Amino acid sequence: MLLTGQGAYLANLIRPGMACMRVIRSTAAHARIKRIDFTPIAADPACLGTLCAADLPTGVGTLPAMDLAADSAPARQRILADGTTRFAGEPIAVVLATDAYIAEDLAERVIVEYEPLPTVMDVHTGTQSNAPLLYPEFGSNIVHQTAQRVGDPDAAFAAANTIIEEEFSFRRLIASPLETRGAVAMLEPDTGRYLVYSSTQIPQVLRAELARLTGVSLGRLRVLAPRVGGGFGCKEAIYPEEILVLLALQKFGRAVYWLEDRAESFSATVHGREEHMRVRAALDRDGVVTAVEVDCLADIGAAYSLFSNTPSAAVATLRGPYRIPHFRSRARSVVTNKTPLNVYRGAGYPQVTLAMERIMDLAAAASGLDRAEIRRRNLLQPEEFPVDRGVSYPGCGAIVYDSGNYTALLASTLEAIGYDGFGARRAQGKEDVSLGLGLSFVVEMTSGGGAEPARLRLSSNGRLQLLSGVTAIGQGTETTLAQILSDHLGVAADTIDVVAGDTDDSPDAPGTFASRGATMGGNAACQAGDAFVLEARKLAAEIRETRPEHIEWKDGMLIERGSSHQPLTLSTLVSQAGALGLAATERLDVTARFEDTPVSFASACHAAVVSIDHATGVIRVLDYAVTHDCGRIANPLLVDGQIMGGVVQGLGGCLFEALEYSDTGLPLTQSYMDYILPTAATAPRFILRHIETPSPLNPLGMKGAGEAGCSGAGAAIVNAIADALGPAIALPGGTGPFTPGVVRDILRNAEGLRNAEGLRDAHGKDAPAC
Amino acid sequence: MTVDDVPRRARVRARYLLSDFLREQAGAGGVHVACGHGVCGACTVAVDGIAVRACLMLAVQADGAHVQTVASLSALEGAPASGRDGLTPLQAAFREHHALQCGYCTPGLLVSTALFMSQHKAAAALPGNPSPRRAAILDHLNGHLCRCTGYANIIAAIESVLP
Amino acid sequence: MKPAAFAYARPASVTDAARLLAQHGAAARLLAGGQSLMPLMARRLVCPELVIDINRIAGLDAIEVLASHIRMGALVRQEQALRSSVVRECVAGLAEALAWVGNPVVRQRGTVIGNLVANTPGSELPAVAIALGAEFVVRHPDAEVTVPAAALLGVANLFGAGKGLPPEAMVTHVLWPRRPGAAGFYEVARRDGHAPVVSALVTMSNDECRVAVSGVCATGLSCPSMARIIARDFPQPPSASALAGALQDDLTGPVYGDAHSSARYRLDVAPLVSRRAAGLMALRAVA
């Protein structure tokens, strides 16, 4: 029970006698490793073992990447750096000791000698013709590209009334769940199987990869995700440390644990978001956007993580909720000497949303239209669904919007944020504080990623147990799935136990990502529920010596039609079956598989009100409205929690968070004093509303809700900042963080221009005297 | 020291952190280490009635002290745990307002908030102008990071139990 | 992120602590609240051979009223000083500044003197100590001297390892001149509750104005030129451009900048922050 501190997270599983593994990490961004010298610690009795690349079994492979194309260059990540290190923080060797204190002492004494190589620290440097190459054998630092086209964008641009061009740079950010990563490898006492625990979103994938990389057969491997303290996509990857704990167990014969500390997490755990985009939009004279094109360079770090190319693939969905008949996109992944990039809440949608929504505001200004009106003129209308967007997305096929009502979302959010009255509110503001209002729209793909299994069985005490493949990472799927099943079967939710995260229970589930848990897991649970009811009716029929057609299931009870017998509860079913020599718990143990359906599309309209203090440059987000559509909602409280959590995460990325590197490629961000997370004082007042346009693609009509909060926040806030500064001030193409210093620079430059040209400021008042 | 009213004795290295001692030798699995450098507040415990970041204290410094973790929340709140799940009023408020998701920041936040509530009630009883309730809550929450909830429900939960 | 090994001593008296410091010098560190030292040790940025824990030394946690000073011992906690009615009544501005230091939990353990001698760039209290004319009682192995805080804190200095405070010296008390009056404090940070970027304290006591500014130089500033402008215009708000000009006169060294906030930003924002603090002071003075 989490409220009483009894949650069993990875760190709670550590037992006396386990060896502590400490990773020795590269301190060079790009270098040849001349030697690794363990002699300073080799004779130390506290050292229980060491591993470097030379010690790994021959032929042990590289880590997996799941979003490669046939022509992607194989920039695969090694388990331990072999000969060359390509990012600061890369695992070079490991040391095992009796405890974490000693392990850290020993690791410091190991000598690693580097011969520096020239570094590539940004995509522009990396794509120049004479750029140093991370992988000389590839001939280029561009390792992956995709391109898509819809209609005839060239013709549309040629015929355009106005063309808008903008560049965007998205900073490198991290998911930073409060629980860092960790892994334990041990032998299962009774069976001799290998047990691996990991704070992961994808235990099933990890098991498959452990088998592939270590040679241990699947039948001898059980992988479990314990209670996980947040993931947000950074635990949706396969990491060297997860493989190393098993390799260390195999080699040294004792249980091993690894706990990531916060300082190492900044370079040891995948990064997110970093992309550079150029966007062009064509407008006709009525403010209709006829075409948009985007060219994206993604900075994916030194090697592939599990889904490094996926965020930039989202450029295919740039048009969001807007019709925009002509479209072109190109995305290229560039390797640089930084930590590998992976999906992070929203997986590319925050970036494309910000780009598209900035373009819409700029288009409004260029057309002389109100910002809500230009959106109305471009939004897809309800009667147009389903809408084939003419583009595809890796692993998910064609993008077809299943359902939605974007005009209703817009109307609701405008009303919630007080759009019509905002001019008056702005005018009432203080002398040296500007208010601004910004809008954004998100249409987000959810529930992709593969079929979802579910197993439902009856316990001997009459309780139901749902074994789900949806790993719990804090999003409350245990509650949601119990509720969905409860509604479906008519039994009380608190008689249902939901367990997940154990590959013994759900060996082939995809895991938790893409906001698929409630939708896929819920539908699978209902299918399992239907199968369960069928079996229960059969069993009851046998007990009552009648036919299953005469047995009805109602609210957890089995009723014989036309009989005066008491209905059977699940408990009495167990005992009466037992009296007849029938094992109810064996019979009532069913599995179901909700087959992979096309992805569904959640949507949301966001609006933010911000204040900018001209004297200090401090930005506050005052009010934040979201109208959200995730189809049929199972639990509004949980959905609202996801939205608010996502918005504040997006707010953090917009105003506070950034990873910084030195000129030589060393991470400067080492602690929460450097990487600034949002706190309660920075959270806005929320106004949350819901519209339900059920998805026709699954029986429950659900869509995912985990990411549309995060994906829209940066866009709404940046648009609000631009609005507060006024149309005379252009925002720089960099998109964050908008620190007080950045804001003061913008204001000072604008003051300088204004003083030079004698202009009045945008809102008709003289520039504040400060 | 006593940890949640259970006496604990050990010989430890000087550098052994209180957070590690509580987790590893006093069975206090509810003490969560999230940052290890005293910023996030997840490891907050009470030492002789004062809220302390356990990762910034050496175990030896708590020698002879009365340490309380989330397991002692009822005593820290001065209110009994009740109901089928044995929750204190603050825990019940957190549940009702959905003020936790992954739960990793929660135990430290509960301990810190229980102590804050006592102080706030004491200050409110004095004549003069105590700081407005919401401002005081936000000041208190400056010492805690949560990555899941977006904080609004945490604030609402605390407001609901603070008079 | 576990500290490197060290020897540990828990002296019962200042004499014992001073003797240990004298023996080990820069290889030893005093441990009081730990809110500054422990994070550095966790990250192994500081690896003392000996940690001298002063938390059990009796008598160092007192806030005493003397004839012309308030004296605080090395174990007076920040929260304790903030809540002290003596501090509020006798030292204009100190409580106002303390309310912005860290957060409530950090303040309950962190000490006033610990925060002062850490002398982190941007930190509020060192600037306040300089501007208010505070003094340190410093215990050397064989002697006890009282020195102006400005002499020690005006030099970039961390835990006694710089020019200002020799490593074998221990600050046992800080003396705050008794100067009741009105005060206003304002601070800008990258985020509410995060480390201060620029802060300003303005006090007015018997028509004497003092201004403390942190975050513009690496060490805290007393700003007599800015104070003259504020006093001259009082109770009208001073003009920001006049304050900006005066600030130039009050600088003691190059303007400080770091990864969080540039020197340009700090210089740009300090007059405005000071103006706000002056405004808050004026409200209290009139009330």
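**Notes on two interfaces in this predicted model**

1. Let's start with chains B and C. Their contact draws 25 residues from chain B and 29 residues from chain C. Please keep in mind that the model is predicted.

2. Putting these two chains together buries about 2300 Å², and carbon and sulfur atoms give 55% of that area. On the chain B side, the residues that lose the most area to chain C are B:R15, B:L56 and B:Q61, together 27% of what that side buries.

3. Have a look at C:R10 and B:D63, whose side chains meet in a salt bridge at 3.4 Å, N to O. There are also 8 residue pairs in polar contact between chain B and chain C, both at pLDDT 80 or more.

4. Strand 4 (50-53), helix 4 (106-125) and helix 5 (133-141) of chain B each give two or more residues to the side that touches chain C. Strand 4 of chain B provides the largest share, 4 residues. By class, that side of chain B has 12 nonpolar, 8 polar and 5 charged residues.

5. Now to the inside of chain C, where domain 2 spans 63-177 and domain 3 spans 182-286. Their centres, taken over C-alpha atoms, are 20 Å apart. Here the buried area is about 1700 Å², with 67% from carbon and sulfur atoms. In domain 2 of chain C, C:W100, C:G122 and C:A131 lose the most area to domain 3.

6. Between these two domains of chain C the count is 0 salt bridges, alongside 3 residue pairs in polar contact, both at pLDDT 80 or more. Helix 8 of chain C gives the most to the domain 2 side, with 5 residues.

Conventions:
Residues numbered from 1 in each chain as written. Chains lettered and ligands numbered in written order. Predicted model: local features only at pLDDT ≥ 70, side-chain atom pairs only at ≥ 80, totals over all residues. Heavy atoms only, no water. Contact = heavy atoms within 4.5 Å. Buried area = accessible area lost by both parts, 1.4 Å probe. Salt bridge = Lys/Arg side-chain N within 4 Å of Asp/Glu carboxyl O. Polar contact = N/O pair within 3.5 Å; in protein donor to acceptor, adjacent residues only side chain to side chain. Nonpolar A, V, L, I, M, F, W, Y, C, P; charged D, E, K, R; others polar. Domains from an automatic or database assignment.
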